[in-house]
Amino acid sequence: ILTMEIKHSSKLLDYADSICHSDNYLESGTCYGQSICRAIDAGFKRIKSVELDAGFYEHCLTMFKDQPNVVLYHGHSTDKWPEMLKDVVKSVIFLDAHPAGPGTAGHNEFEEGDGRYGQDAIITRELEIILGHRNDHLIVIDDQNGENTDNAKYMDMCLAVNPNYTFEFWDENLSNDPEYYYKDKILVCLP
């Protein structure tokens, strides 16, 4: 195990801060497209996103139809990442394709015992694909909440391909409402 210590930075997730690493933004888990809107506002030039739920995907197709720099994919992220990465250079990658409660893609399947839809199974496979593509992407993993025991595995996966990766937890408050301030919610893997 190569795991390093994670810095608890109390830094708040801000898409504009990440663009210094690359002007390419890729994500899994499009949902309603809020992250794409934040990426557009931050100035990312090229945006790709994949969503499993057909309703969310169709919603976003309509929402971003006039945005030529936004490319949307429909399907399971672990099936679509190879296609999404084909012509991509160093990027900011946001992983959020795992079920996040009722109404999100894969939730029902996971509740029925299909392990392919579990958070760790999805993130592990996504990281294998992404880190097999390049070893210098900035990778943001949502919903890690500081104490997630899988964080050590994700860090070890990054360090195995690039020993210069460092790790931080970032906070999230996308609505600017104190009730929705989440401390150490996001694991950030910095090349």
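Does Asp-143 count as buried or exposed, and what is its relative accessibility?

Guide: Happy to take you there, with the reminder that this is a predicted model. Asp-143 has a relative accessibility of 18%, and the cut-off for buried is under 20%, so Asp-143 counts as buried. Its place is the loop between β6 and α7. The backbone there deserves a glance too: phi of Asp-143 is positive, about 60°, although the residue is not a glycine.

With a relative accessible area of 24%, Cys-31 is partly exposed.

On one side is helix α7, residues 151-161, where Asn-151, Tyr-154, Met-155, Asp-156, Met-157, Cys-158 and Leu-159 are buried. Those buried residues pack against α6 (119-133), β6 (138-141), β7 (166-172) and β8 (182-190).

Setting aside neighbours within four places in sequence, Ile-139 is in contact with Ile-93, Leu-95, Leu-127, Ile-130, Leu-131, Cys-158, Tyr-165, Leu-187, Val-188 and Cys-189. Ile-139 also belongs to the largest nonpolar core, which has 26 residues; together with Trp-81, Leu-127 and Ile-141, it touches the most other members. At least two residues of this core come from each of α4 (77-85), β5 (92-95), α6, β6, α7, β7 and β8. Apart from it lies another core of 21 residues, including Leu-13, Phe-44, Leu-72 and Val-140. As a general background, nonpolar side chains in soluble globular proteins tend to be buried together.

Zooming out, the protein has seven helices and eight strands. Its radius of gyration is 16 Å, close to the 16 Å from the globule rule for 191 residues, so the protein is as compact as a globular protein of that length. The C-alpha trace spans about 45 × 40 × 40 Å along the principal axes. Among the 191 residues, 49% count as buried. Of the contacts with a separation of 6 or more, 66% join residues 24 or more positions apart.

The protein carries 16 positive and 33 negative charges, whose mean positions are 8 Å apart.

How values were computed: Residues are numbered from 1 along each chain as its sequence is written. This is a predicted model: local features need pLDDT of at least 70, side-chain atom pairs count only at pLDDT 80 or more; totals for chains, interfaces and linings use all residues. Side-chain values use heavy atoms; hydrogens and water are left out. Buried means under 20% relative accessible area, exposed over 50%, partly exposed in between (1.4 Å probe, protein chains only). Helices (H or I, at least four residues) and strands (E, at least two) are DSSP runs, numbered from the N terminus. Contact means heavy atoms within 4.5 Å. A nonpolar core is a set of buried Ala, Val, Leu, Ile, Met, Phe, Trp, Tyr and Cys residues joined through side-chain atoms within 4.5 Å. The radius of gyration is taken over C-alpha atoms; the globule rule is 2.2 Å times the number of residues to the power 0.38. Lys and Arg count as positive and Asp and Glu as negative; His and the chain ends are not counted. The place of a charge is taken as NZ of Lys, CZ of Arg, CG of Asp or CD of Glu.
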